[in-house]
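Subject: Structure handover

Hello,

Here is the structure for you to look over.

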Amino acid sequence: MKPVWRLFCAFILLAGIFAGLNRPISSLPPLGTFFNPFQGFWQNGRQIDYLPLQVSLLDLQRPVIVQWDKNRVPHLFAESDADLYCAQGYLVARDRLWQMDMQTRAAAGCLSQIFGKRALEDDRLMRRIGLSWAAEKNLNTIMSDSLCRLALDSFSRGVNAYIDQLDFRDFPLEYKLLNDRPQPWSPLRTALLLKQMAWYLTGYGNHVREKRMANVYATLDSADIERFYPDRPPLGEPIVPAGTPWRFSPVPPRTDCETADQPADSQFPIRPAVPVSNEYALGSNNWAVSGSRTRSGAPILCNDPHLGLGLPSVWYEMQLSSPHQNVYGVTFPGAPGIVIGFTSSLAWGVTNAETDVADWFRIYFTSNRSTYRYADGFRPVTARIETLQVRGSPALIDTVLHTHHGPVVFSRDKEPTDSRMPVDAALCWSGHRASNELATFLWLNRAATVSEADSALRGYVSPGQNFILADADGNIAIRHTGGFPIRRKGQGRLLLDGSDPSDEWSGWIPFDHLPAAHNPRQGFLSSANQIPADSTYPYYLSGNYFAFERGNRINEILHRRSDWNGLDMAQVQRDVLNPDVPRVLPRLLRILLQKGVISAWIDTLETWNGEYRKNLIAPSLYEAWWQELESSLWENHLHLSRTGLPRPRWDVTLKMLLQPTDDPFFDDSSTFEVETLVHWTTRSFERALEVMQQQHGEPGASWRWGEVRKTDIPHLLRFPSFGRHGLSVDGEGRTVSAVTHRTGPTWCMIVELTRPVRAWGTYPGGQSGHPGSLFYDDRIDGWINGQVEELLYLENAGDHHPWLIAGTRMEAKP
């Protein structure tokens, strides 16, 4: 073959290879593009940490000055709110674009556009519970407010200005891996983000409790229901101090239909028991101490929201300053303003309310499903057509039927995505109500006093939160805030009748009637997701409230001293003592000793103080023992595997363990002997030691708590190399530092309202959302070790400080 032909054939072969490499293979990106040294993943290295001296933005009216500190936190100073929010959108997108984009596409039910059929059922669920529908309603309300409209429009322009300047080589790495590209930002996407967080924080236990409780009511009598599945968790202290007077006349609920004794509906089959475990529970802590209990005489406010751990981090940290505000804190990437934070004279924080705000109503359709029975007549069904674009497949058309109660998430003729949700039932959720939570946060950013902050909460609906407030004038306050329905006692624990008007909610608890406390005599306020008020509160509130441990422990610690300072509070946030242990462990150990059980591990448990330290074996033994004891007790008494009843809460288990050892509860009715607590204690201890050896090998380092309960901080897409896995961390779900396998404190903040204000904080992640960045996960090690750093609050753009490392001037594009 002549050389020219060889060259021609080689050229054709090479062209074919390049053509092949630029075609996607299944779900993989085109390999030629991905490995291209000028555009591919090679461009996602450390150069992304470069901080520009100047940025030109078409939409800016006046220059915005950005000071960057050592943690890569931007401090923005603008001459107008419009420029401030535009610059915020640009900078957040610069660090977190892929995260913002992916989370809002998930909320909109649009992941199938990227992942194909694998994501279809998740998308259907998001569409069918009405997240897009609710976000669209919210957006109309939000955009009718001039401040919110300015913030969202400006923020969106900033995000899109950043997107518009990108080409493929600049895309975050995840886009290249997924063969995807950023989608334009709009105010609707922020509304979707906020609505997704509302659904997430409504609490899955509250979403599906009707189905779980159906078997309970069908199987047990009323006394056992109250004993084992109480509405009010035992042993705990309420958020609003007990004895607080209620200075209002309550709005009465409808009383013409009782639901507490409804039988279980036949559509709820008996299923295997699903224990209510704290391992995946989402909790948070906040507290405020008045100046009478601090060394400086100024209030101190603390907050550490516990959410799912992940990378990129849940939060983005920044300072925002304009003529109307100077606020520091964290925000959700994709939302303007600051969600949790402080100014020079005010601080605020939140914990999840846990009050149930979602009920299911059985819908009785006519034969063609175009109308449904209501009162003495019929009402029309509204059909919302949802089109789901599926990568590599034809689009799916899904029809969601809407009633005045809400959307019918799953119809009887279709297999439900989640079998724990009822079919032919409408979801009535406070998050479907048109509201404007964004306005609350934007006005909190401008507030200077507790009174002004409390006014900002008036329009807040979902998700329900316990807002804690403190100001430099010495005031502290807490309010159980949100849209909480007025219900009869027991209403909503079971499926409601969608045809009966008397089964509907009786309106909303007025804002001034919500559980709240201001400047209490005890000198502090706190919340840890527990029940909001004592039994004298005149409205019926029910929910998946947390057990007593964290709330009681925080109050116990705060009571001890009257000379607190900011750094002392960091030790409280790191507290890892489980209050269960001193209550029940001595009793269990006495039983073993009286029974003559001989084990070196008894000595280990006897000398343990109840702290969940990562280098200790005792917490691992106790947890293994607790699990075996709890499982055997409830299987014996309620026959969970046969009846399908849910396992009662762990605080109910604890209460039963404190009963006399010969209480009939402990007897096994299937034997001739009479069993007592002694029987179950000894048997479960022996079994726990066997399980520990089976799962973790011979006793040694592998039995330490940090190794037994490893903590993961996974990447949003679960790419293993982009996450941090198998971390050894102090704490447990029932300790103040509530670290579990995949949840924990996602932002630890302490604010001492001295003049000038001082604050400390940290979080498990980093400012950058780019896995190749030095600032992607640089703060995780400090978080593991319980370290907080002082936060730099600047008064002016020209302030000098040794922690400042760079400056950026953002100005209008000529």
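Strand 17 (residues 476-481) and strand 19 run antiparallel and are joined by three bridges. Ile-478 has Ala-517 of strand 19 as its bridge partner. Please bear in mind that this is a predicted model.

Both strands belong to an open sheet of 11 strands with mixed pairing, in the order 1-27-2-3-6-7-8-9-16-17-19. Strand 1 (54-57) and strand 19 (516-518) are the edge strands, each pairing on one side only. From one strand to the next, the twist averages 20°.

Helix 3 (residues 81-107) lies across several strands, including strand 1, strand 2 (64-69), strand 3 (74-77) and strand 27 (804-812).

On the nonpolar cores: the largest has 121 residues, and Trp-315, Phe-342 and Met-810 touch the most other members. Helix 3 gives the most to this core, with 12 residues. A second, separate core has 50 residues, among them Trp-601, Tyr-612, Val-652 and Trp-703. Leaving out residues up to four places away in sequence, the contacts of Trp-315 include Arg-96, Pro-305, Val-330, Phe-332, Trp-747 and Tyr-763.

On the aromatic rings: the count comes to 28 aromatic pairs. One of them is Phe-342 with Tyr-793, a tilted pair at 5.6 Å centre to centre with 40° between the planes. This pair links distant parts of the chain, 451 residues apart: Phe-342 is in strand 8 (residues 340-342), and Tyr-793 is in the loop between strand 26 (789-790) and strand 27. Phe-342 and Tyr-793 are both buried.

Why is the pair of Tyr-460 and Phe-467 edge-to-face? The ring planes stand at 80°, with the centres 5.2 Å apart, so the pair is edge-to-face; the cut-off for that class is over 60 degrees. Tyr-460 counts as buried because its relative accessibility is 5%, and Phe-467 is buried with a relative accessible area of 0%.

Trp-608, Tyr-612, Tyr-622, Trp-626 and Trp-705 make up one aromatic cluster. Tyr-612 is also among the residues of the second core. Arg-734 lies over the face of Trp-626, 5.6 Å from the ring centre. Elsewhere, the charged end of Lys-176 sits over the ring of Phe-168, at 5.7 Å from its centre.

Regards

Note on methods
Residues are numbered from 1 along each chain as its sequence is written. This is a predicted model: local features need pLDDT of at least 70, side-chain atom pairs count only at pLDDT 80 or more; totals for chains, interfaces and linings use all residues. Side-chain values use heavy atoms; hydrogens and water are left out. Two strands pair if DSSP finds at least two bridges between them. Helices (H or I, at least four residues) and strands (E, at least two) are DSSP runs, numbered from the N terminus. Axes are lines fitted to C-alpha atoms, for helices over the stretch in contact, and angles run from 0 to 180 degrees between N-to-C directions. Contact means heavy atoms within 4.5 Å. A nonpolar core is a set of buried Ala, Val, Leu, Ile, Met, Phe, Trp, Tyr and Cys residues joined through side-chain atoms within 4.5 Å. Buried means under 20% relative accessible area, exposed over 50%, partly exposed in between (1.4 Å probe, protein chains only). Rings of Phe, Tyr and Trp (its six-membered ring) pair if their centres lie within 6.5 Å; planes under 30 degrees apart count as stacked, over 60 as edge-to-face and the rest as tilted. A charge sits over a ring if NZ of Lys or CZ of Arg is within 6 Å of the ring centre and within 35 degrees of the ring normal.
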